[in-house]
Amino acid sequence: MIEFIDAIVHYGFMQKALLTSIMVGIICGVIGCFIILRGMALMGDAISHAVLPGVAISYMLGINFFIGAVITGILTAVGIGFVSQNSRIKNDISIGIMFTFAFALGIILITMLKSSTDLYHILFGNVLAVRSSEMWFTLIIGIVVIGTIYLFYKELLVSTFDPTMSAAYGLPNRLIHYILMTLLTMVTVASLQTVGIILVVAMLITPAATAYLLTDRLWIMLYLSSLFGVISSIAGMYFSYVYNLASGASIVIVATVIFFAAFIFSPKQGLLIRSMRARRKRAMLNG
């Protein structure tokens, strides 16, 4: 631990990595709550994979990878909706078709690139190699995401828990859906350097799922999910630096350990608590 703290104090790359990890943990935790409450975990997986061809095309054109990634992410979300709404194909099947196509196309494009692009780091992340521009870029995305959710919290709340009532109030459910997809795409792009495309879905889902086991209130869930995302990012970065492990994988493993701790020990939903209640109930019936 002392070695890790000393590195943060003395090395600029560690400071940038730490700040970026914290920001990624917060924005993944926040947007992840809406993803799991809307039953869109598979959509999160789709978007996270769909940005890969956009990243490759951006490198080819020499432009910021954010532009290409956001465009391909949104196009994939629109394509999924178009296919499912205009055929007998259900939404989950449409997601499977579109995201595997986008991911395969991205891999082909990246293997064709004659540049220094490192496919391993794009897929699995390398937080210790974060540059200043990427750190500020992540901060800007974080401000946009959190600001949007703050401004449209009530609309997101109603449309998430009761789409029928939301439509009755005159709220544009479809527009809200695509705004959420845009935010999801932005968060995915911001997380590329930290956890990579393959593992970003875990950071979107796992901290939010952990918070879901601990509370029934959305605003508390948002805070808890962000907290778990931050803890996972910092602890994962520690293990990555000290033991020379893959940063993205380390962060995801910590997040999963926290989830199982909540799964077992949660005061209301925990496996241990439910087991004790069941034993008490049986004892009362037998007594």
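Me: Which residues have the most contacts inside the largest nonpolar core, and how many residues does that core have?

Reply: The largest nonpolar core has 64 residues, and I149, M181 and V189 are those with the most contacts inside it. A nonpolar core here is a set of buried Ala, Val, Leu, Ile, Met, Phe, Trp, Tyr and Cys residues joined through side-chain atoms within 4.5 Å. Buried stands for under 20% relative accessible area, exposed for over 50%, and partly exposed for what lies in between, with a 1.4 Å probe and protein chains only.

Me: Which helix gives the most to this core?

Reply: Helix α11, residues 192-212, gives the most to this core, with twelve residues. Helices (H or I, at least four residues) and strands (E, at least two) are DSSP runs, numbered from the N terminus.

Me: What kind of model is this, and how are residues numbered?

Reply: This is a predicted model, in which local features need pLDDT of at least 70 and side-chain atom pairs count only at pLDDT 80 or more, while totals for chains, interfaces and linings use all residues. Residues are numbered from 1 along each chain as its sequence is written, and side-chain values use heavy atoms, with hydrogens and water left out.

Me: Back to M181: which residues is it in contact with, leaving aside neighbours within four places in sequence?

Reply: With those neighbours left aside, M181 is in contact with I35, M40, M43, I47 and A77, where contact means heavy atoms within 4.5 Å.

Me: And what does the second, separate core include?

Reply: That second core has twelve residues, and A7, A17, L18 and M237 are among them.

Me: What about L183, where is it found and is it buried or exposed?

Reply: L183 is found in helix α10, residues 173-190, and it counts as buried at 4% relative accessibility. Leaving aside neighbours within four places in sequence, L183 is in contact with I31, V145, T148 and I149. The C-alpha atoms of L183 and V144 are separated by 8.4 Å, and these two residues are 39 residues apart along the chain.

Me: How many disulfides does a search of the whole structure find?

Reply: The search finds zero disulfides, a disulfide being a pair of cysteine sulfur atoms within 2.5 Å.

Me: OK, new topic: which residues make the nonpolar surface patch?

Reply: The patch, of about 850 Å², is made by I57, M60, L61, I63, I67, I71, L75, I108 and M112. Patches are made of residues with over 30% relative accessible area and no salt bridge, where like charges are joined within 9 Å and nonpolar side chains (Val, Leu, Ile, Met, Phe, Trp, Tyr) within 5 Å. The accessible areas come from the Shrake-Rupley method with a 1.4 Å probe, and for residues only the protein chains shown count as cover.

Me: Which elements give two or more residues to the patch?

Reply: Those elements are α3 (41-61), α4 (65-85) and α5 (91-112). L75, for instance, lies in helix α4 and is exposed, with a relative accessible area of 55%.

Me: How many salt bridges does the count come to?

Reply: The count comes to one salt bridge, meaning a side-chain nitrogen of Lys or Arg within 4 Å of a carboxyl oxygen of Asp or Glu. The side chains of R131 and E134 meet in it, at 3.1 Å from N to O, and E134 is buried, with a relative accessible area of 11%.

Me: Where is S94, and what does it touch?

Reply: S94 lies in helix α5 and is buried, with a relative accessible area of 0%. Not counting residues up to four places away in sequence, S94 touches G79, I80, V83, S84 and I89.

Me: Last one: what is the phi of N244, and where is its place?

Reply: N244 has a positive phi of about 55 degrees although it is not a glycine. Its place is in the loop between α12 (218-243) and α13 (247-265), and N244 is exposed, with a relative accessible area of 70%.
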